[in-house]
Amino acid sequence: MTSGLRGLFRGGFRHGVHPPDHKESTESLPIRRMPFPDEVVLPLSQHAGAPAACLVRPGDRVERGDAIGSAQGHVSVPIHATASGTVAAVELAPHPSGRWMDAVRIAVDPHSAQIPRPRIVPRWEGLDAVATRAAVKNAGVVGLGGAAFPTHVKLEPPPDTEIELLLVNGAECEPYLTSDHRVMVEHPERVHFGVRIMMQCLDVDRAVIGVEMNKPDAVARLRETVPEDLDVTVLPLRVKYPQGAEKMLIHAATGREVPSGMLPAHVGTVVQNVGSIAAIAEVFETGYPLIERIVTVSGPGIVRPMNLIVPVGTRARDVLAFCGGLTEDATEVLFGGPMMGAPQPDLDVPILKGTSGITVLTERERKPERSWPCIACARCLGACPVFLNPSRLGMLAQAGRWDEMTEMHLGDCMVCGSCSYVCPSNIPLSQMFSVAKSQMRREREARERHERAVAEAEASRRAEESEAAGVSA
Amino acid sequence: MTPADRTLELAASPHLKAPDSTPRIMWTVVATLIPVVVGAVWAFGPSAALVIGVAVAGAVGTERLLAGGPDPVRDGSAVITGLLLGLTLPAGVPLWMAALGGAVSIALGKWVFGGLGQNVFNPALVGRAFLQAAFPAAMTTWPLPTGAALPDGGSVAWAALRGPNLALPLMGGSVDAVTGATPLGLRKFEGVETPVADLFIGSIGGSVGETSALLILLGGGYLAFRGYLDWRIPVSVLLAVAVLSSALHALRPDTLPGAPFMLFSGGLMLGAVYMATDMVTSPVTRAGAWIYGAGIGALVVIIRYWGGLPEGVMYAILLMNAMVPFIDRATQPRVFGTSRRNRREREATT
């Protein structure tokens, strides 16, 4: 609850929401390694940006760590085989985004020791920024927090900006998820090593690791292990959702607001998820590309919740089976947490580089089916982390008045779901905003296509006219 | 059970929902009004119970009729409207007037605008304004509370009807009841000021539920704690009344009453805590809540000091209800990343 007198008693803290964090079932479970499944499915699009181009054909033998897809352009990364075996197919396969997308299926060799080919561990001391970015890109590292934005792009901030601070995102504000938490507790040195490499690459002197206060053991472990020669501060953060949103985190750490429509780099900050930082460290420790990741499998609908390390490309079905399967009353399987996670209709979808966890919900979490009219209670205004007026935006969305929604800063909405979470009338606000955003994008694209076509027709008409004039002259 | 043979549900995120719901908010408001109703029945006997009950029945019946089925009534909002209307009526009004008021509240106050969430004015006050305009005599005849001294030396019995409750339309009242002036009327027309302690406890003449500030504040405090009403509104209403009446009282101490009397008399408490805070008809922004509340407070003082009627809370709230769309538009929250500094930063880079 965010409004009312209780807000005052929490020190004037106003925005964001407080869903129960439900982390107790996995927060103290050590990360376990899951046995290799008999098949991995590796979509060529696992990151923001252009999909990788396939480098293998059915029947090819691949070893764990081999590149099977090459990056296409700057905002793209290569894809690697995450298990040794034979390419069974290159075909459309279900993707966690809900679409079917091109993917490489590898039949895992049951007799392989699954040891990657010997490879060169890059030396990090004195490595310049260009070489660091190349190593990170070649290893296929992307943001592991969910958005899967290629990390090497973040390591190259726009030329008109000056980076002063590396901000490490260890907030993990989604309920149920504990994979970042376990990394910070079990591998704090690795986090600091990754921070060191990023600081060197970005040429910054200062780093802050933001961790929500519901993870005191992570805060303590990180503080104990800060290297003496690094200026790294561990910043405990208020437990609220969406504390882990980039803009919220920057505000908590620096007191500054990222200007609407601009990047964190414009306020001198680069934000990177703590799991991705650890992945960078692993590249420089082992020479292996990003071929496995830690996922939390949790929620009331799972028999044995766990923190697992799995090869990227492992199907949800195999992961869930390893965790004892679903309970009788399980209803929804989500990739990610319950606030922003994507529901999965097909359990053959693979774990991607950006999949931080699987949350299984039950009938008890099912939301009420009916909505009530908006009673202007203003809870959504008190919840919205970017201070929008979701109540008004919701009315505009229902009326299809997109232009007015743009004026009211719909572009700043992160679709974090806080407004829908608090709405007592159960109005699907953030759901409508995500529809409105894609509808507006579609209309804009159609308008642009139309304008291009008109311009082309005009140009060709003029060309014909001048030609005709030339003939008659 | 294996994952293979499951039917999975698909819904857009977020997949969690805070437990509060609109019906729960409404029924909680109803629950906090019960002590106020009990207080009213203690003070005005069976008449109060009859008036409140009939007003609720009129409101709920009209809601059921206009909403086209029994289901919409379950949100509880029509019950609140009926309760609040009943609490603003004098205990002695004929019951048919209370029923008519409930019907007008829901029909003209709410459904002409489109039902729950759409109305501009507080429905209960629309109903009361209608009754005040149509039946001014009945609406300003104030019976005495239980235990009040009678001219013949006795006192008012609890069980006595306080007016022509059972009268029918177009027929004269048949029950004689002893009536008196309200503290506001006494002050305005006779210059007699009622002790503030009596106002606070509620052993005074007035509308059914306009009497005990204590019970109203208890209920409102609980709602504020739960986040079911915006505390800024009652606080700003009461602050504005206190500041303005203190200032004016200091100028004219002999003719204008001071802040304590102004705060605890008449319908101010019920209006500030339960009517001005109606979510639908109050601003959604925090700055807007302060402006709206201060406006109500100022209007109450102006109407009470200079108006023709002793009480002004109803008109003050209705007038400020009309201002809400403008207040909301003028006080939209500043979107994250659009501060003056942010604008400079954006200009610097483009």
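**View 1. Val297(A) has Ile358(A) as its bridge partner in S17(A).** This is a predicted model, in which local features need pLDDT of at least 70, side-chain atom pairs count only at pLDDT 80 or more, and totals for chains, interfaces and linings use all residues. Residues are numbered from 1 along each chain as its sequence is written, chains are lettered from A and ligands numbered from 1 in the order in which they are written, and side-chain values use heavy atoms, with hydrogens and water left out. Helices (H or I, at least four residues) and strands (E, at least two) are DSSP runs, numbered from the N terminus. Strand S13 (residues 292-298) and strand S17 (residues 357-362) of chain A run parallel and are joined by 3 bridges. Thr359(A) of S17(A) is the bridge partner of Ser298(A).

**View 2. S13(A) is largely enclosed by the rest of the structure, because 7 of its 7 residues are buried.** Buried means under 20% relative accessible area, exposed over 50% and partly exposed in between (1.4 Å probe, protein chains only). Glu292(A), Ile294(A), Thr296(A) and Ser298(A) point one way from the strand, while Arg293(A), Val295(A) and Val297(A) point the other way. S13(A) and S14(A) run antiparallel, with 6 bridges between them. Ile294(A) has Ile309(A) as its bridge partner in S14(A).

**View 3. An open sheet of 6 strands in chain A has mixed pairing and the order S1-S14-S13-S17-S15-S16.** Its edge strands, S1 (32-33) and S16 (342-343) of chain A, each pair on one side only. Helix H4 (residues 179-186) of chain A packs on the sheet, touching S13 and strand S14 (306-311), and its direction makes about 120° with that of S13(A). Two strands pair if DSSP finds at least two bridges between them. Contact means heavy atoms within 4.5 Å. Axes are lines fitted to C-alpha atoms, for helices over the stretch in contact, and angles run from 0 to 180 degrees between N-to-C directions.

**View 4. Lys215(A) sits in the loop between strand S10 (206-212) and helix H6 (216-224) of chain A.** Lys215(A) is buried but has no salt bridge, and Glu212(A), the nearest side chain of opposite charge, is 4.2 Å away. A salt bridge is a side-chain nitrogen of Lys or Arg within 4 Å of a carboxyl oxygen of Asp or Glu. Lys and Arg count as positive and Asp and Glu as negative; His and the chain ends are not counted. A polar atom of the Lys215(A) side chain lies 2.8 Å from the backbone oxygen of Ala171(A). Leaving aside neighbours within four places in sequence, the contacts of Lys215(A) include Lys23(A), His181(A) and Met184(A).

**View 5. Val136(A) lies in helix H2 (residues 129-138) of chain A.** Val136(A) is buried, with a relative accessible area of 1%. Not counting residues up to four places away in sequence, Val136(A) touches Val141(A), Thr151(A), His152(A), Leu155(A), Ile280(A) and Phe284(A). The C-alpha atoms of Val136(A) and Ala281(A) are separated by 9.8 Å, although these residues are 145 apart along the chain.

**View 6. Helix H2 (residues 77-87) of chain B has 11 of its 11 residues buried, so it is largely enclosed by the rest of the structure.** The buried residues of H2(B) include Ser77(B), Thr81(B) and Leu87(B). They pack against helix H1 (22-67), helix H3 (95-109), helix H4 (123-134) and helix H11 (268-275) of chain B. Chain B has 14 helices and 2 strands, and buried residues make up 56% of its 350 residues.

Key. Polar contact = N/O pair within 3.5 Å; in protein donor to acceptor, adjacent residues only side chain to side chain.
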